[in-house]
Amino acid sequence: MRGELDDTYGWNNLFVNNIAVTNPSVNNNNTAIGEAGASGTIWQSNLTFNGTAGSSSVNGAKTATAANGNILGKNPLLVAPALTAGANFHLQAGSPAIGAGELSEQPVTDLGGAVRPVAGPTDLGVYLYIP
């Protein structure tokens, strides 16, 4: 099993406020979230997408459900996701990741240095949405 976020052999881990995008056309075993053999793992407020709207792209992760605040099978609307120079993983306006995060488990700043909120909703992913 392969997962962009994977907890194959972990115990009592918390995955929160992530965006996991995968492309099963590259490898049909790819999933956004993978878990096998793990125990006590919590998947909370994550977004998964594999290019097919409505596909949860989750394999084996029992707690990676919408009931835990996860957004499954939705395009995160990243500006220019790619594994090449010029990639841009910022959120576009209208992204379902905007305001969908948990405040209790977040770093003080995003990857670009923008200060994350201490009250109110926060965004999923490594960058805050800045209009």
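Where is Asn-12 found? Asn-12 is found in the loop between β1 and β2. The close-up views below come from a predicted model.

**View 1. The loop between β1 and β2 holds Asn-12 and Gly-10.** The phi angle of Asn-12 is near 55°, a positive value in a residue other than glycine. Asn-12 is exposed because its relative accessible area is 62%. Gly-10 lies in that loop too, between β1 (2–6) and β2, but counts as buried because its relative accessibility is 11%, and the limit for buried is under 20%. From Gly-10 to Thr-65 the separation is 55 residues in sequence and 19 Å in space, C-alpha to C-alpha.

**View 2. Phe-15 and Trp-43 form a stacked aromatic pair.** The count of aromatic pairs comes to one. The ring centres of Phe-15 and Trp-43 are 4.1 Å apart and the ring planes meet at 15°, so the pair is stacked; the cut-off for stacking is planes under 30 degrees apart. The pair joins distant parts of the chain, with Phe-15 in strand β2 (residues 14–16) and Trp-43 in strand β5 (residues 42–44), 28 residues apart. Both Phe-15 and Trp-43 are buried.

**View 3. Ser-45 sits in the loop between β5 and β6 (47–49).** Although Ser-45 is not a glycine, its phi is positive, at about 55°. Is Ser-45 buried or exposed? Ser-45 counts as buried because its relative accessibility is 1%.

**View 4. Gly-54 is placed in the loop between β6 and β7 (58–59).** With a relative accessible area of 63%, Gly-54 is exposed, since exposed means over 50%. The C-alpha atoms of Gly-54 and Ile-71 are separated by 9.9 Å, and the two residues are 17 residues apart along the chain.

**View 5. The largest pocket has a volume of about 570 Å³.** Its lining consists of 20 residues, and the closest to the pocket centre are Val-21, Leu-78, Pro-81, Leu-83 and Phe-89. Which elements give two or more residues to the lining of the largest pocket? They are β3 (19–21) and β10. Strand β3 supplies the largest share of this lining, three residues.

**View 6. Ala-85 is found in the loop between β9 (78–80) and β10.** The relative accessible area of Ala-85 is 80%, so the residue is exposed.

**View 7. Phe-89, Leu-111 and Val-126 make a nonpolar surface patch.** The area of the patch is about 290 Å². One of its members, Phe-89, is also among the residues closest to the centre of the largest pocket. Val-126 is placed in the segment after β10 (88–91). Val-126 counts as partly exposed because its relative accessibility is 45%, and partly exposed covers values between the limits of under 20% for buried and over 50% for exposed.

**View 8. Leu-124 lies in the segment after β10.** Leu-124 is buried, because its relative accessible area is 0%, whereas Val-126 is partly exposed at 45%. How far apart are the C-alpha atoms of Leu-124 and Ile-98? These C-alpha atoms are separated by 6.6 Å, with the residues 26 apart along the chain.

Conventions:
Residues are numbered from 1 along each chain as its sequence is written. This is a predicted model: local features need pLDDT of at least 70, side-chain atom pairs count only at pLDDT 80 or more; totals for chains, interfaces and linings use all residues. Side-chain values use heavy atoms; hydrogens and water are left out. Patches are made of residues with over 30% relative accessible area and no salt bridge: like charges are joined within 9 Å, nonpolar side chains (Val, Leu, Ile, Met, Phe, Trp, Tyr) within 5 Å. Accessible areas come from the Shrake-Rupley method with a 1.4 Å probe; for residues, only the protein chains shown count as cover. A salt bridge is a side-chain nitrogen of Lys or Arg within 4 Å of a carboxyl oxygen of Asp or Glu. Helices (H or I, at least four residues) and strands (E, at least two) are DSSP runs, numbered from the N terminus. Buried means under 20% relative accessible area, exposed over 50%, partly exposed in between (1.4 Å probe, protein chains only). Rings of Phe, Tyr and Trp (its six-membered ring) pair if their centres lie within 6.5 Å; planes under 30 degrees apart count as stacked, over 60 as edge-to-face and the rest as tilted. On a 1 Å grid over the protein atoms alone, a cavity is a set of points where a 1.4 Å probe fits but cannot get out, and a pocket is an open set with protein on both sides within 12 Å along at least five of seven lines; lining residues have an atom within 4 Å of a point. Grid points are joined across faces, edges and corners, and a volume is the space filled by probe spheres set on the points.
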